[in-house]
Amino acid sequence: MEGDPEQYPGISRIMGLLKVLEETGGEGDLYQLGVDLHLELGEELQLVRAAESLGFVQTPGSEIEITELGREILKKNINGRKHLLRERLLTLPVFQAALRWLEQEEDATLPSETVKNRLSEQFPHEDSETAFQTLVNWGRYAELFGYRADRGDLYVDRGD
Amino acid sequence: MSGSPPGTATMDKPPFLRLEHVDRSFLDGARPNQAIRDLSLGISEGEFVSLVGPSGCGKSTLLRILQGLIVPTSGEVLYRDTLQQGVNPDMGMVFQGFALYPWLNVYQNVSLGLVARGDPPGVIDRKVAFYIDKVGLEGYEEAYPRELSGGMKQRVGLARALCIEPAILLMDEPFSNLDALTTLTLRDEVLMLWKDPEMSVRTIVMVTHIIEEAILMSDRVVVLARRPTHVVEEIPVNLPRPRDRRDPEFDRLSDRIFSLIS
């Protein structure tokens, strides 16, 4: 993966967003938050949507608020955060599908092109490149997936 | 600071790292240019000290003098009451620009200090795995720097510095190449590591030009002025942790430091 790693919302940025929300009383206006954080609208929405997909924030109307789960992950230590994120990732359809595809392989490994093709077939509304980068980066953080850049292989991280 | 929980600064203890009347001149053409003048500073074991000052005030030079990478023109650096000569092996450094080798993966970048020191491979494996886990990089061992976000790159820098199991961690504007949200997360994580009883590092000296960062993180803020560099004032930060930016005392300290710098 030679792409710009900042294309998708990284976990450190999501945690930073939660921290900002918690420090400002747990909720805020989406527009004002973007202004305060100097984020472009597209960038902010991508970040907020990512945090929402993980269950860490809710966005009723034009507001944003941190959820109990969002507060919980902030309280955890570095490895506690990874474990909670792993649990959350296993609830996301894209991660569930990728895990299923990999586990069907004898060595639990697939070339990145195969994964991207399947992503675009089964998740036509998602950008497969971004979805793949998210699989690699969140997956690595949560120790769910590994990725060998030299061979372009995605595999299930079994901790060995 | 009596009554502090273990691991926090106790300023009544004699400082275990000291700069005594340090001068440092560089040659500017043929003319000597005095960069640092008569600078004395003590750092106690367990303390988190920030060095704050305007850019170009020699903060980074000072950090390198502490580590022994730059020799003072006159004056002394004392570590555990002994004159420090050469590079102090008891210190790890975290750099502003991460300083990672692009052709080495995370595991190899983290292991650099141990390899250079000639530790046996079994020890290297064990320590690298331990510190990679501690900073939250487990799962990234075979990633190359180009695959990593800034936050992850700096975690590699942290793991590499911690891996040699130093007593003191020196950080040179460690968050200044990160976006604001990643910075918030990494500051928290550094504080978690500082308080982690499994870490060898008890003492941190950080250079920053962000006043808020210094107050959020440190026990004491050393305000520096430039040309030549000298200590303007040392300001203890006694706010409870985790610190709250909305605390009125936070504002007061911030204003005070700002007025000293500007």
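The side chains of E129(A) and K116(A) meet in a salt bridge, with N and O 3.2 Å apart; the term stands for a side-chain nitrogen of Lys or Arg within 4 Å of a carboxyl oxygen of Asp or Glu. E129(A) belongs to helix α8 of chain A and K116(A) to helix α7 (residues 112-122) of chain A, so the pair ties together parts that are 13 residues apart in sequence. Helices (H or I, at least four residues) and strands (E, at least two) are taken from DSSP runs and numbered from the N terminus. Over all chains, the structure holds 30 salt bridges.

The model is predicted, so local features need pLDDT of at least 70 and side-chain atom pairs count only at pLDDT 80 or more, while totals for chains, interfaces and linings use all residues. Residues are numbered from 1 along each chain as its sequence is written, chains are lettered from A in the order in which they are written, and side-chain values use heavy atoms, leaving out hydrogens and water.

The predictor gives the complex an ipTM of 0.90 and a pTM of 0.92. Chain A has a mean pLDDT (the predictor's confidence in each residue, from 0 to 100) of 92, with 95% of its residues scoring at least 70. Over residues 1-5 of chain A the pLDDT is below 50, and this stretch has 14 contacts in the model beyond near neighbours in sequence; a contact means heavy atoms within 4.5 Å. Chain B also averages 92, and 95% of its residues reach 70 or more. In chain B, pLDDT stays under 50 over residues 1-11, for which the model has 17 contacts beyond four places in sequence.

Within chain A, the next topic is the pair of domains. Domain 1 covers 11-75 and domain 2 covers 78-156, with bounds from an automatic or database domain assignment. Their contact takes 13 residues from domain 1 of chain A and nine residues from domain 2 of chain A. The C-alpha centres of the two domains lie 24 Å apart. About 970 Å² is buried between these domains, and carbon and sulfur atoms give 75% of that area; buried area is the accessible area (1.4 Å probe) that two parts lose on being put together, summed over both. On the domain 1 side, I11(A), L54(A) and I73(A) lose the most area to domain 2, together 53% of what that side buries. The count of salt bridges between the two domains is zero.

Turning to the two chains, the contact takes 33 residues from chain A and 29 residues from chain B. The area buried between chain A and chain B is about 2,600 Å², of which carbon and sulfur atoms give 48%. Four salt bridges are found across this interface. D188(B) forms a salt bridge with K19(A), their closest N and O atoms being 3.2 Å apart. On the side of chain A that touches chain B, α1, α5 (78-89), α8 (128-141) and β5 (145-148) each supply at least two residues. The largest share, eight residues, comes from α1(A). By class, this side of chain A has 13 nonpolar, eight polar and 12 charged residues; Ala, Val, Leu, Ile, Met, Phe, Trp, Tyr, Cys and Pro count as nonpolar, Asp, Glu, Lys and Arg as charged, and the others, Gly among them, as polar.
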